[in-house]
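The sequence and structure come first.

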Amino acid sequence: MADTTPLIAALRAQRLLPVLRSPDVAAAVAAVRALADAGCRVVELTTSTPDWRRALADCRERHGDALLGVGTVTTAEQASTAIGAGADFLVSPYPAPAVRTVAARHGVTFVEGGFTPAEIADAAGRGPAKVFPAHVGGPRFLASLRAVLPDAALIPTGGVSIEQAPAYLDAGALAVGVGSGLPEEPAALARLFGGGR
């Protein structure tokens, strides 16, 4: 299993994982820049962004110290492309054995998705696991998972607002994936991530 310590340590400190579904490369680069300026150190771009490979490569060049991941990775080809563009970690919405194989071959952390307890336990046995779609089960579901998987690093994502994130953290989440609702105002963003200039 790849060494997941840097990602887990960063997410434990950050508590929120921005999941960017941008309309184009320029918007993705601008969003990552704003997050980095606010003190955010871990960001997930997604394959739903047009030309996401170029967006990742541009962000990698500008933010060498950030942990940049690619989400909604479901095929071996996407995994290889993301790693080639500089991804520090990969994320899938559901079990993806082909992605798992590529990530392991390259020593890249894979946050594998799952929804059932069996899927999540399987993913958590290898590293951090994404609980998706988190809003269906809510914080109580996450707490139930933690009761039987006390050492698992769980990242609930999907339909969770900024306002709801604390309830998932209280239920035992390592961090919460948030795909929308991040503030656009720099000072408000900095308050979320403890940074700013």
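## Basis

This is a predicted model, in which local features need pLDDT of at least 70 and side-chain atom pairs count only at pLDDT 80 or more, while totals for chains, interfaces and linings use all residues. Residues are numbered from 1 along each chain as its sequence is written, and side-chain values use heavy atoms, with hydrogens and water left out.

## Cysteines

A disulfide is a covalent bond between the sulfur atoms of two cysteines. Here a disulfide is taken as a pair of cysteine sulfur atoms within 2.5 Å, and the count by this rule is zero.

For Cys 40, the closest cysteine sulfur is that of Cys 59, and at 11 Å it is too far for a bond. Both residues are classed by relative accessible area (buried is under 20%, exposed over 50%, partly exposed in between; 1.4 Å probe, protein chains only). Cys 40 is buried, at 2% relative accessibility, and Cys 59 is buried at 1%.

## Largest pocket

Pockets and cavities are found on a 1 Å grid over the protein atoms alone: a cavity is a set of points where a 1.4 Å probe fits but cannot get out, a pocket is an open set with protein on both sides within 12 Å along at least five of seven lines, and lining residues have an atom within 4 Å of a point. Grid points are joined across faces, edges and corners, and a volume is the space filled by probe spheres set on the points.

The largest pocket has a volume of about 350 Å³. Its lining has 19 residues, and those nearest the centre are Leu 20, Ala 31, Leu 182, Pro 183 and Glu 184. Strand 1 (16-20) and helix 2 (25-37) are the elements that give two or more residues to this lining; helix 2 supplies the largest share, six residues. Elements are DSSP runs numbered from the N terminus (helices H or I, at least four residues; strands E, at least two).

By residue class, the pocket lining has 13 nonpolar, four polar and two charged residues. Ala, Val, Leu, Ile, Met, Phe, Trp, Tyr, Cys and Pro count as nonpolar, Asp, Glu, Lys and Arg as charged, and the others, Gly among them, as polar.

## Cavities

The whole structure holds two cavities of 30 Å³ or more.

Cys 40 is one of its lining residues, along with His 63. Helix 2 gives the most to this lining, three residues, and the lining as a whole has seven nonpolar, one polar and no charged residues.
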